[in-house]
Amino acid sequence: MPVVVIDGSTVLDFVQDAESFDKAMERKFYSIDVNHDGSLSRAEVRAAFECVHVLKCTLGMPDAKSPRQLNKIYDSIFERFDTDHNGVVDMGEFRAQMRDILLAVAHGLGSAPLQIATEEDGFLQDAANHELEKNSAA
């Protein structure tokens with residue numbers, strides 16, 4: 001797992017660079033779209049969130065969720081992404097929700113640099129790579 005130093009501006013700059021952000025979101029979308037039908041099913045969205053262990057982040061506190069509770073949470077996540085309620089998530093819906101999530105992360109990080117362990121192909125790693133590329137081009 002790579003370790004990066006980022007702050008809110010790192011993530012914000014990445015989201016605001018439409019070309020870089022859109023490319024990264026397309027890459028993520030198509031990696032999640034395992035059946036290659038151009039949309040994300042409920043199962044594909046769930047698998048993506050299970051892969052990044054979102055619900056295992058408990059800050060060291062015991063957190064045993066029942067399968068019913070987990071299903072309810074994953075259904076809620078899917079409903080948040082499927083804004084037109086047609087039963088699938090298209091590229092536009094995915095991009096818009098990821099933009100909102102990353103803007104919330106940027107706001108939460110604030111201006112103090114933090115050292116963060118990221119997933120190899122994770123969204124925060126994309127933001128850190130974007131900043132590195134921008135700085136090396138300058």
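**Contacts and helices in a predicted model**

Me: Leaving aside neighbours within four places in sequence, which residues is Phe14 in contact with?
Reply: This is a predicted model. Contact here takes heavy atoms within 4.5 Å. With neighbours within four places in sequence left aside, the partners of Phe14 are Ser20, Phe21, Ala24, Met25, Leu102, Phe123, Asp126, Ala127 and His130.

Me: Does Phe14 count as buried or exposed, and at what relative accessibility?
Reply: Phe14 sits in helix H1. Buried means under 20% relative accessible area. Phe14 therefore counts as buried, at a relative accessibility of 2%.

Me: How many Å apart in space are Phe14 and Ala127, C-alpha to C-alpha?
Reply: Ala127 is one of the contacts of Phe14. In sequence the two are 113 residues apart. In space, C-alpha to C-alpha, Phe14 and Ala127 are separated by 5.3 Å.

Me: At roughly what angle do the axes of helix H1 and helix H2 cross?
Reply: H1 covers residues 8-16 and H2 covers residues 18-32. Their axes come within 5 Å. The angle between the axes is roughly 90°.

Me: Which residues in H2 are met by Phe14, Val15 and Gln16 in H1?
Reply: The residues of this contact divide into six nonpolar, two polar and no charged. On the H1 side stand Phe14, Val15 and Gln16. On the H2 side they meet Ala18, Ser20, Phe21, Ala24 and Met25.

Me: With which side chain does the side chain of Asp126 make a polar contact?
Reply: Asp126 lies in helix H6, residues 123-137. At 8% relative accessibility, Asp126 counts as buried. Not counting residues up to four places away in sequence, Asp126 touches Phe14, Ala24, Arg27 and Lys28. The polar contact, at 2.9 Å, is with the side chain of Arg27.

Me: What separates the C-alpha atoms of Ala104 and Leu12, in Å?
Reply: Ala104 is placed in helix H5, residues 91-109. Ala104 is partly exposed, with a relative accessible area of 48%. Along the chain, Ala104 and Leu12 are 92 residues apart. Their C-alpha atoms are separated by 9.4 Å.

Me: Near what value is phi of His36?
Reply: Most residues other than glycine have a negative phi. His36 lies in the loop between H2 and helix H3 (42-51). At 65% relative accessibility, His36 counts as exposed. Its phi is positive, near 55°.

Me: In the loop between which helices is the place of His85?
Reply: His85 has a positive phi, near 55°. At 59% relative accessibility, His85 counts as exposed. The loop that holds His85 runs between helix H4 (67-81) and H5.

Me: Which residues does the UniProt annotation "domain: EF-hand" cover?
Reply: The annotation comes from an unreviewed UniProt entry. In the model, the span 69-104 is 75% helix and 0% strand. The end C-alpha atoms of that span lie 25 Å apart. According to the record, the annotation covers residues 20-55 and 69-104.

Me: In what order do the elements of the chain run from the N terminus on?
Reply: The chain has six helices and two strands. Of its 138 residues, 32% count as buried. From the N terminus on, the order is β-α-α-α-α-α-β-α.

Conventions: Residues numbered from 1 in each chain as written. Predicted model: local features only at pLDDT ≥ 70, side-chain atom pairs only at ≥ 80, totals over all residues. Heavy atoms only, no water. Axes fitted to C-alpha atoms, helices over the stretch in contact; angles between N-to-C directions. Helix = DSSP H or I, 4+ residues; strand = E, 2+ residues; numbered from the N terminus. Nonpolar A, V, L, I, M, F, W, Y, C, P; charged D, E, K, R; others polar. UniProt positions renumbered as here; feature names shortened; annotations may be inferred. Buried < 20%, exposed > 50% of the residue type's maximum accessible area, 1.4 Å probe, protein only. Polar contact = N/O pair within 3.5 Å; in protein donor to acceptor, adjacent residues only side chain to side chain.
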